[in-house]
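Please read it alongside the sequence and coordinates.

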Amino acid sequence: MEDPAVLVLKRAVELDLASRFQESLVCYQEGIDLLLRVLKATKDEKKKACYRDKITSYMNRAEDIKKYLEKEKEDGKYHKQIKIEENTRGFSYEKLFKEYLSETVTEVWVEDPYVRQAHQLYNFLRFCEMLVKGPCKVKTIHLLTSHDEVNGKSQQMSILEEIKQSLKDFGITLDVSYSPSIHDREIRFNNGWIIKIGRGLDYFKKPQGRFYLGYCDFDLRPCYETTVDIFHTKHTKKT
């Protein structure tokens with residue numbers, strides 16, 4: 001157990017020195033947890049004292065980084081970027097957004113030109129389901145998208161109306177607007193968080209069949225390559 005702890009903490013220090021503080025904090029926390037297990041299993045008192053000193057040192061550094069990152073958020077300098085590699089799994093909407101969906105979130109804005117085809121509408125439905133499940137208390141969802149000129153507007157509008165009626169059962173209002181010139185993809189929460197995904201909500205690959213793993217659980221579904229940028233409104237320039 002000691003060797004894995006050493007490797008993880010060594011990586012934490014390397015990331016720390018490279019000013020990659022968000023990643024280093026994760027490694028420090030994981031390494032400290034592994035070292036605590038080593039401490040628990042150790043009988044030698046001298047070794048235990050040594051481990052305690054190391055754990056205290058790493059915990060202090062992790063706490064300093066945590067405070068620094070919190071200050072960055074408060075000062076509006078926070079920017080987190082997630083690179084989703086081609087065919088990777090584990091990037092469901094819950095995994096991506098849950099960290100930013102506090103109980104204070106009551107209003108959500110989704111700007112995505114490609115909520116048009118059936119699978120894209122299902123993606124939006126899944127996103128809405130995540131919001132309904134909480135912990136946020138969403139009351140209004142605003143969707144700005146473009147019309148499906150190829151397959152016809154009627155099916156798209158009909159499905160969105162169905163989603164709207166379904167959300168109403170949960171006390172949530174869906175406001176849908178259309179723009180022929182929309183291009184950027186952006187999701188905003190009224191607690192200040194802004195999430196920009198290169199492919200919008202449509203970054204999941206089509207499952208190989210209806211009974212393949214990943215058809216229902218998006219954490220198991222392979223993704224297209226894309227980049228996710230996360231900001232806070234304090235970091236954005238007001239026009």
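## The cavity

In this predicted model, the lining of the largest cavity divides into 5 nonpolar, 1 polar and 4 charged residues. The residues are Val110, Glu111, Asp112, Arg185, Glu186, Ile187, Ile195, Ile197, Gly200 and Leu201. Three strands each supply at least two of the lining residues: β2 (107-111), β5 (186-189) and β6 (193-197).

The largest cavity has a volume of about 30 Å³. A search of the whole structure finds 1 cavity of 30 Å³ or more. Rolling a probe the size of a water molecule over the atoms shows where empty space is left.

## The largest pocket

The largest pocket has a volume of about 500 Å³. Its lining holds 20 residues. Nearest the centre of this pocket lie His119, Tyr122, Pro207, Tyr215 and Arg221.

What classes of residue make up the lining of the largest pocket? There are 9 nonpolar, 3 polar and 8 charged residues.

## The second largest pocket

The second largest pocket has a volume of about 410 Å³. It is lined by 15 residues. Phe21, Gln22, Glu23, His79 and Lys80 are the closest to its centre.

Which elements each supply at least two residues of this lining? They are α2 (21-41), α3 (45-75) and β1 (79-84). The largest share, 4 residues, comes from α2. By class, the lining of the second largest pocket has 5 nonpolar, 4 polar and 6 charged residues.

## Packing of α5 and α6

Helix α5 covers residues 118-133, and helix α6 covers residues 153-168. Their axes come within 11 Å and cross at roughly 10 degrees. An angle under 35 degrees counts as roughly parallel, so α5 and α6 are roughly parallel to each other.

On the α5 side, the contact is made by Leu121, Phe124, Leu125, Cys128 and Val132. On the α6 side, it is made by Gln156, Ile159, Leu160, Ile163 and Leu167. By class, the residues of this contact are 9 nonpolar, 1 polar and no charged.

## Overall layout

The protein has 6 helices and 7 strands. From the N terminus on, the elements run α-α-α-β-α-β-α-β-α-β-β-β-β. Along its principal axes, the C-alpha trace spans about 75 × 50 × 35 Å.

## Backbone details

Gly134 and Pro135 are joined by a cis peptide bond. Omega is about 15 degrees there. Pro135 sits in the loop between α5 and β3 (140-145).

Ser19 has a phi near 65 degrees, a positive value in a residue other than glycine. Ser19 belongs to the loop between α1 (2-17) and α2.

## Confidence

The average pLDDT of the protein is 90. A score of at least 70 is reached by 95% of the residues.

Note on methods
Residues are numbered from 1 along each chain as its sequence is written. This is a predicted model: local features need pLDDT of at least 70, side-chain atom pairs count only at pLDDT 80 or more; totals for chains, interfaces and linings use all residues. Side-chain values use heavy atoms; hydrogens and water are left out. On a 1 Å grid over the protein atoms alone, a cavity is a set of points where a 1.4 Å probe fits but cannot get out, and a pocket is an open set with protein on both sides within 12 Å along at least five of seven lines; lining residues have an atom within 4 Å of a point. Grid points are joined across faces, edges and corners, and a volume is the space filled by probe spheres set on the points. Ala, Val, Leu, Ile, Met, Phe, Trp, Tyr, Cys and Pro count as nonpolar, Asp, Glu, Lys and Arg as charged, and the others, Gly among them, as polar. Axes are lines fitted to C-alpha atoms, for helices over the stretch in contact, and angles run from 0 to 180 degrees between N-to-C directions. Angles under 35 degrees count as roughly parallel, over 145 as roughly antiparallel, 65 to 115 as roughly perpendicular and the rest as oblique. Contact means heavy atoms within 4.5 Å. pLDDT is the predictor's confidence in each residue, from 0 to 100.
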